[in-house]
Amino acid sequence: LTQVEVFTDILPAYKIAINHSEEGRVLSKEVKIQRRYEGSLLKYYTLLVTFLCRKSNQIKNKRTVTKFGIGIARGLSRLLHAAHLFNLRKDIIRSCVGLLNHAQASVREVVVEGVKRLFKADKQGDSTLEVVRLISGFAASAGARVEGSMVETFLHLNLRKVDHLPSSRNKKNQKKSKKKEPYRY
């Protein structure tokens, strides 16, 4: 958990892209330092996330989990909302959604809180959409064997900002009026 807290404090609010195509170019000293820093940050962040995801897959099917397993769930849920714009977002989301249906209530509660915080923090909606798609796919494949807390996370979605999707009949009207209006209840 200490590493998770350190990374949540120092992670930037953007994805780091490693460009290997620019290796032949002459770069300034500041740019080289920044890229070296970002590369090492991404390297160690990747190690942490893969470790957490691997351990979450190990505890996913266990009936009871130790404090270490709850710590794994807490770390993943902390990264879920704190690093939802950063790299490896989909891996974190996939691991958290798998833990939403855990047999132990304390694991589920920790992850549900992380998902709720993600829904509040995600202004763009990309991470929220990914979570909703994974939960609905999981629920469809698992049938009636889904914990109620997994479905209850949908109650915390911010549905007031959903754009109205045009039907196929109104495509001609949509082309004429390019102004999109948000869906209101």
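Mentor: What follows is a talk through the fold, the core and a few side-chain pairs.

Trainee: Okay, how many helices and strands does the protein have?
Mentor: Keeping in mind that this is a predicted model, the protein has eight helices and zero strands, so that reading along the sequence gives the pattern α-α-α-α-α-α-α-α.

Trainee: And what share of the residues counts as buried?
Mentor: Of the 185 residues, 34% count as buried. The protein exposes about 12,500 Å², and carbon and sulfur atoms supply 53% of that area.

Trainee: Which residues are buried in helix 2?
Mentor: Helix 2 covers residues 29–59, which is 31 residues, and reaches 45 Å from its first C-alpha to its last, close to the 45 Å expected at 1.5 Å a residue. Its buried residues are Glu38, Leu41, Leu42, Tyr45, Leu48, Val49, Leu52, Cys53, Ser56 and Ile59, and what covers them includes helix 1, helix 3 and helix 4.

Trainee: Which residues touch the most other members of the largest nonpolar core?
Mentor: That core has 38 residues, and Tyr45, Leu76, Leu79, Ile92 and Val131 touch the most other members. The elements that give two or more residues to this core are helix 1, helix 2, helix 3, helix 4, helix 5 and helix 6, with helix 2 giving the most, at eight residues. As background, nonpolar side chains in soluble globular proteins tend to be buried together.

Trainee: What does valine 131 touch?
Mentor: Leaving aside residues up to four places away in sequence, valine 131 touches Ile93, Val97, Val115, Leu118 and Phe119.

Trainee: Switching to charges, how many salt bridges are there?
Mentor: The structure holds four salt bridges. In one of them arginine 78 pairs with glutamate 5, and their closest N and O atoms are 2.9 Å apart. This pair links distant parts of the chain, since arginine 78 is in helix 3 and glutamate 5 is in helix 1, 73 residues apart.

Trainee: Which residue does glutamate 147 meet in a salt bridge?
Mentor: Glutamate 147 meets arginine 108, at 3.6 Å from N to O. Glutamate 147 sits in the loop between helix 6 and helix 7, whereas arginine 108 is in helix 5, 39 residues apart. Arginine 108 is buried, with a relative accessible area of 12%, while glutamate 147 counts as partly exposed at 29%.

Trainee: What else lies close to the backbone nitrogen of glutamate 147?
Mentor: A polar atom of the side chain of asparagine 101 lies 2.7 Å from that backbone nitrogen. Asparagine 101 is in the loop between helix 4 and helix 5, and it counts as buried because its relative accessibility is 18%, under the 20% cut-off. Not counting residues up to four places away in sequence, asparagine 101 touches Arg108, Phe138, Arg145, Val146, Glu147 and Met150.

Trainee: Last one: where does alanine 17 lie?
Mentor: Alanine 17 lies in the loop between helix 1 and helix 2, and it is exposed, with a relative accessible area of 60%. Its C-alpha atom is separated by 8.9 Å from that of glycine 39, a residue 22 places apart along the chain.

Note on methods: Residues are numbered from 1 along each chain as its sequence is written. This is a predicted model: local features need pLDDT of at least 70, side-chain atom pairs count only at pLDDT 80 or more; totals for chains, interfaces and linings use all residues. Side-chain values use heavy atoms; hydrogens and water are left out. Helices (H or I, at least four residues) and strands (E, at least two) are DSSP runs, numbered from the N terminus. The expected span of a helix is 1.5 Å times one less than its number of residues. Buried means under 20% relative accessible area, exposed over 50%, partly exposed in between (1.4 Å probe, protein chains only). Contact means heavy atoms within 4.5 Å. A polar contact is a pair of N or O atoms within 3.5 Å; within protein, one must be able to donate a hydrogen and the other to accept it, and residues adjacent in sequence count only if both atoms are side-chain atoms. A nonpolar core is a set of buried Ala, Val, Leu, Ile, Met, Phe, Trp, Tyr and Cys residues joined through side-chain atoms within 4.5 Å. Accessible areas come from the Shrake-Rupley method with a 1.4 Å probe; for residues, only the protein chains shown count as cover. A salt bridge is a side-chain nitrogen of Lys or Arg within 4 Å of a carboxyl oxygen of Asp or Glu.
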